[in-house]
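This report is meant for a reader who is meeting the structure for the first time. Please keep the sequence and the model in view while reading.

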Amino acid sequence: MDESQSSELKRGTCPYCGTENPTSAAFCKKCGRRLDGMGVCPHCGQLTPADGEFCINCGANRNAPVLEKKVFAKPRPTNTQAPAVSNGTEAVSSPRVVTPSTRASGKVTRILGFISFGSSCLTVVLSVVFSLLVGAVVSAAGVDVPGLADLNLFTYFGDAYKSLDGSDIAAYGIAGPLLGTVGVVIGLVLLVVVLVFAIRALIKTIQSKEWNLTKYGVLSYFVYLSIISVFMLNAASSATMLGVTASYSLNGATVAGIILGAIFMLISVVLDAIVNRVVGGLRSYLIQGISTGVTMILGILVLSFIGYGLFTVSVSASGMSSSTTYGIKSFSDFLFKTVNSLYYTATTEVWEEFLPYFAASFVYMIMAFVFAGAFLVFFVLMIKDSLSSFGYGVTKNTTKFGILAGVMAILLGVVQVVFPLIVAPYFFTSADVELVLPIMTIILGGIILAGSLVTSLLLKKSGDVVAE
C-alpha cells in the first residue's frame, strides 16, 4: 500500500468507532454513522454537527421531543436515512421520508372522505345525546316494570337524595348515591372534554379542508361506553329465586345509542382507512391496527364486566336456591341495612365483631370504584393516543397508558376475587361466591398489559416508535 492510499484511508477513518473507510464513503461501513461528524436535525431535516445540542440551521434543541401532527399532504420523516447523495464536493445525506401510499383519486375519494367525516360527526353527536339518556329499568321474570325503580343520570342529581329522609339514611346509607353521583360526573366531564376537542378539531378541519374527525368519533363512543359502565356499576342489582329473575337492565335509549354509535363509528374508521391507505410502513400499520382493534374489544369486555356488578352470591337452603348480584349502590344498601338491624338488636360482642367487616366493606367499595374509574380513564387515553399516531407507529404514551389500564383491570379483578371470599362467609351463611367475571377481568387486564409491551417491542424493532 503506497503513501497516497494510506493517506486516503486515514481521511476516511470513522471518528466514532475508528474503522477505516474509503474517502468516497459518507457513512461508516461498520457502525453506519456519518464520517463527517454531521447529523440530521429531527426538526428541520438539515445537516448539523452531531455533537451539538442545538441545530445550526433552525436553532431547535436536537434532544427535544418532535411534536408531529398527522397531515396527509405532507411527508413524514422516519429514523432511517437514505444513501448519500453527492453534491460534487462532499457526500450529503438526506432523511428518507415516508409518504402516504397511493391514495384513491378523484370524485370517489372525495365522496368516501365526506361520508367518513359525516359518520364521525354523527358518532360524536350520538355519543353526547345518548349519554344524557343513559338509564336502566327493572325487569321481573323477563318483563320490564317501568316506573318501579327507573334509574337515569338525573337520578343522581336529586331523586336519589330526596327519597332519603332521616330514617332511610339510617337504614340504607348515602354511600351508593354519593358514589353514583361521582361516577356520573366523571363520565360527563370526560364527554364534555371530548366534545370541546372535537369542536376545535372541526374548526381546524374546515380551515385545512382535511375533513377527518375519525379519532374523535371513536374517542367519544368509548367515553359513552365508559359512562354506561360506571352507571350500571352503581345501578347493578339482580336477584334470582325459583327461576324468577328481577334485575336492572339498560333502557331502550341506551341500547339504541350503543348500536347506532357502533355502526357510524365503524363506517368512519373503515372509510378513513380506505381513503388514506397506509401512511407508514405496511408492517407497522398491520401491527398497530391489529393491536388497537384487539385492545378495543378487550376493553369493551372489561367495561361490560365492570357494569355487571361487584360479585354474585348464591345461597341454597331447604331445597330453595337464590343468587344475588351486587353493585356499588345495592351492596351499600345491603351494608347499611345490616348496620341498622344490628345496631338495635345485636349484643356488644356481635357489634364489635361486625365493625371490622363493615369498615373493610366500605374500603372495598371505594377501592373497586377507584380501580374501575382509573381503568376507564387510562383506557380512553390509550385509545386516543393510539388513534393520534395510527399508521405511523406508537408513542411512548400509548404503551404507558396501555400498561396502566391493564394494571388497573388486574387490581380491580383481584379485589373482586379476594374481598367476597372474606366477607361472604360472614354476611351470607352457606353461600357460594361466583368468581368467573373477576377472574376474566384479571385475565383480560393481563392481556392488555402484555399486548401493550409486545406491540411496543415489535414496532421498536422496525423503528416505528414516534415522539410524543
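## A buried serine

Ser 120 has a relative accessibility of 0% and therefore counts as buried, a word used here for residues under 20% relative accessible area, with exposed meaning over 50% and partly exposed what falls in between (1.4 Å probe, protein chains only). Ser 120 belongs to helix H2, which covers residues 107-131; helices (H or I, at least four residues) and strands (E, at least two) are DSSP runs, numbered from the N terminus. Apart from neighbours within four places in sequence, Ser 120 is in contact with Leu 213, Thr 214, Gly 217 and Ser 268, where contact means heavy atoms within 4.5 Å.

## Basis of the model

The model is predicted, so that local features need pLDDT of at least 70 and side-chain atom pairs count only at pLDDT 80 or more, while totals for chains, interfaces and linings use all residues. Residues are numbered from 1 along each chain as its sequence is written, and side-chain values use heavy atoms, with hydrogens and water left out.

## The protein as a whole

The protein has 468 residues, of which 42% count as buried, and its secondary structure comes to twelve helices and 16 strands. Among contacts with a separation of 6 or more, 66% are between residues 24 or more positions apart. The accessible surface comes to about 23,400 Å², and 66% of this belongs to carbon and sulfur atoms; such areas come from the Shrake-Rupley method with a 1.4 Å probe, and for residues only the protein chains shown count as cover.

## Aromatic pairs

The structure holds 13 aromatic pairs, in which rings of Phe, Tyr and Trp (its six-membered ring) have centres within 6.5 Å, with planes under 30 degrees apart counted as stacked, over 60 as edge-to-face and the rest as tilted. One of them joins Phe 311 and Tyr 326, whose ring centres are 5.6 Å apart and whose planes stand at 40 degrees, so the pair is tilted. Because Phe 311 lies in strand E12 (residues 311-317) and Tyr 326 in strand E13 (residues 320-326), this pair ties together parts that are 15 residues apart in sequence. Phe 311 is buried at a relative accessible area of 4%, and Tyr 326 is buried at 9%.

Another pair, that of Phe 331 and Tyr 364, has centres 6.4 Å apart and planes at 85 degrees, so it is edge-to-face. Phe 331 lies in helix H9 (residues 328-345) and Tyr 364 in helix H10 (residues 348-388), so the parts tied together are 33 residues apart in sequence. Phe 331 is buried with a relative accessible area of 0%, and Tyr 364 is buried with 2%. Elsewhere, ring pairs link Tyr 221, Phe 222, Tyr 224, Phe 375 and Phe 379 into a cluster.

## Helix H9

Helix H9 has 18 residues and reaches 26 Å from its first C-alpha to its last, close to the 26 Å expected at 1.5 Å a residue; the expected span is 1.5 Å times one less than the number of residues. The buried residues of H9 include Phe 331, Leu 335, Phe 336, Val 339 and Leu 342.

## Cysteines

The structure holds zero disulfides, a disulfide being a pair of cysteine sulfur atoms within 2.5 Å. For Cys 17, the closest cysteine sulfur is that of Cys 28 at 3.5 Å, which is too far for a bond. Cys 17 is partly exposed, with a relative accessible area of 34%, and Cys 121 is also partly exposed, with 22%.
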